[in-house]
Protein chains: 2
Amino acid sequence: MSDSAPVVADLLIRYGPDMDRTLRTVIGYRDDPIHRMVRYHLGWIDEHGHTGDFSRGKGLRSTLCLLACEAIAGDHHPALPAAAALELLHSFTLAHDDVMDHDVLRHGRPTVWKLWGEAQAINTGDMLYAHAFSALTDFADPAVAARATRLLADTCVTIVEGQSADIQFEQRDDVTVDEYLAMVARKTAALIGTSLRLGALAAGAPPSFENGLADFGQFMGIAFQIRDDMLGTWGDPSVTGKPVGEDLRRKKKTLPVLALQRLADARGRSQMSEIFSAENPTDPQIEVVLDLMEKFQVRDDVRRLADTYTDRALQALANLPAQFSERPDLAALIDYFTARQV
Amino acid sequence: MSDSAPVVADLLIRYGPDMDRTLRTVIGYRDDPIHRMVRYHLGWIDEHGHTGDFSRGKGLRSTLCLLACEAIAGDHHPALPAAAALELLHSFTLAHDDVMDHDVLRHGRPTVWKLWGEAQAINTGDMLYAHAFSALTDFADPAVAARATRLLADTCVTIVEGQSADIQFEQRDDVTVDEYLAMVARKTAALIGTSLRLGALAAGAPPSFENGLADFGQFMGIAFQIRDDMLGTWGDPSVTGKPVGEDLRRKKKTLPVLALQRLADARGRSQMSEIFSAENPTDPQIEVVLDLMEKFQVRDDVRRLADTYTDRALQALANLPAQFSERPDLAALIDYFTARQV
């Protein structure tokens, strides 16, 4: 982890200014109220409209896209329209997810719905969705633009299927780990794979290139989501920006919860389902669940699964053509975004 | 009205089967839970998944698009990808609007959020949004697909700006009629204009054709929305599927309300703002507002404005090339969708 951080920081510095400029060109100089919410959500301004340096996402999807393009074409610039589309699309999903999950914080700041209400947060997401597809029309070659649009639209279908399954899981208490992984493959990993594929497409690579990249992105995305689930359960509040056990408090069916259901004895399972049937689990109840996870070695189990997917991602990378497999920055990205932190 | 109805019915019969087939091809044979919600929202199935003949929208946008294409190319088929995109996009906005407005009925049936919750209704809209852009990639010519994507994405930006302004108006009591018309131009009329432009684009018409069509659509869209506002205030419940004064009960800042604010004397204005400051206006309070509207001749005033925009639409139609201006079905469409009914 400590080795990969400088490599990733270097990538973000290398691509950051181009990405920033491209995103601002797509959004334009619009300054109506809804675009102020959009700018706030993107981390460009505070809630009063003042510019500042606010915590944003790390740009995993755009970085992968630009890196894939650079690996093939020796230049990341051709993929900028796709990279912008990916970040805008990801931002749209976050704005809507925050409404659906009633999350009050995003990157340490109040969420859009918390500040301006659910209706405007839905509008903020809908606006970013439009800008994402608009960004793709900046490809000079219309054949590339049309193929990219198809790929992104198909990926949106997949993402919404995953998000919808995630919401349904909240109502069920028999969700299996396999079902969960299939949901994550849709909700999170599909867009990671599409990020790499769009980079290859922008570089003019033949479609045959794209399948290997999609596999790689799929495994990396699943490992990334499992790490995110681990952080949501056991993460250091100073790192995650959320209280310990936040996902448990919200009774989310994350992988640690599903693993506990599988590993616990009958008494542990009944304790847990009693706590999860409470309207709002109390702090002592959260402690009981965390103790059960300790007792049944849930963290080791989830870690093993995360490691499995990280290994598969590395294996998929090794199977890619030399332009990819020999790039240390791609391996560093996997390490940085999927390595164990808890 | 009575003259235009058969012409419009004939158009819907003529285009209906092609539209239906195209929409079903775009959605595919997906049958996962979120697509069951999508199919329900589109009026294809009931809430238990059984097919049936449910009340749907009248397909104004797709009809205009196909008609514009037919007027230029002599054949509506080239515009089917755009027509499908328009209906899917319009459906997405309805799914999200229902959440934002807490509307419980749509075409006489419970809304998606009412049946499956707000989160899944947001997902239903997001899914239709994706399918709309996917539909455009079915254009055989990638240059047409790319231009159509740009046009639709730009229109989405405009629609969401309008929808966002509409939500903000709920918090203000100084909205002017001009502000309202500017909002409607974005929220409703822009997509009507885009419907005609996409039809022309699909027919291979030069872009110079599109501006006149956009004007025509703009005026028609505003007249259409004013008629909708009139129905929401004075419409026959057996026609609208909503109780009398439903928009008033929900304290929507529709045109009749804004006109009353402008036309009433000081006492009338203060009566009205007192009623609109109540959490939930009662039936007798709604009656008071309707009586005030009667007293200050609001209906005549709003009718005049609607007629003004209908006349402008007819004038814009007369200024279009003969392929359009001499088509009786276009004039019939204006009449059917904008004629006074209350």
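1. The buried residues of helix α12 of chain A are Leu255(A), Pro256(A), Val257(A), Leu258(A), Ala259(A), Leu260(A) and Gln261(A). Buried here means that 20 or more other C-beta atoms, placed from the backbone, lie within 10 Å of the residue's own; 12 or fewer makes a residue exposed, and anything in between partly exposed. The helix covers residues 255-263 and is mostly covered, with seven of its nine residues buried. Those buried residues pack against α8 (177-202), α9 (207-234), α13 (266-276), α14 (283-295) and α15 of chain A. Contact means C-beta atoms, placed from the backbone, within 7 Å, and helices are DSSP runs of H or I with at least four residues, numbered from the N terminus.

2. A word on the model before going on. It is predicted, with local features needing pLDDT of at least 70 and side-chain atom pairs counting only at pLDDT 80 or more, while totals for chains, interfaces and linings use all residues. Residues are numbered from 1 along each chain as its sequence is written, and chains are lettered from A in the order in which they are written.

3. Next, the pair α15 (residues 298-319) and α17 (residues 328-338) of chain A: their axes come within 10 Å and cross at roughly 170°. Axes are lines fitted to C-alpha atoms over the stretch in contact, with angles from 0 to 180 degrees between N-to-C directions. The two helices are therefore roughly antiparallel, a label for angles over 145 degrees. On the α15(A) side the contact uses Ala306(A), Thr310(A), Ala313(A), Leu314(A) and Leu317(A), which meet Leu330(A), Ala331(A), Ile334(A) and Thr338(A) of α17(A). By class this contact holds seven nonpolar, two polar and no charged residues. Nonpolar covers Ala, Val, Leu, Ile, Met, Phe, Trp, Tyr, Cys and Pro; charged covers Asp, Glu, Lys and Arg; the others, Gly among them, are polar.

4. In the largest nonpolar core, of 221 residues, Cys65(A) and Cys65(B) touch the most other members. Residues touched by Cys65(A) include Ala79(A), Leu86(A), Leu196(A) and Gly199(A), leaving out those up to four places away in sequence. Such a core is a set of buried Ala, Val, Leu, Ile, Met, Phe, Trp, Tyr and Cys residues joined through C-beta atoms within 7 Å.

5. Finally, the two chains. In the interface, 34 residues of chain B are in contact with 34 residues of chain A. α7(B) gives the most to chain B's side, with 16 residues. That side divides into 19 nonpolar, ten polar and five charged residues.

Conventions: Parallel < 35°, antiparallel > 145°, perpendicular 65-115°, else oblique. Contact = placed C-beta atoms within 7 Å.
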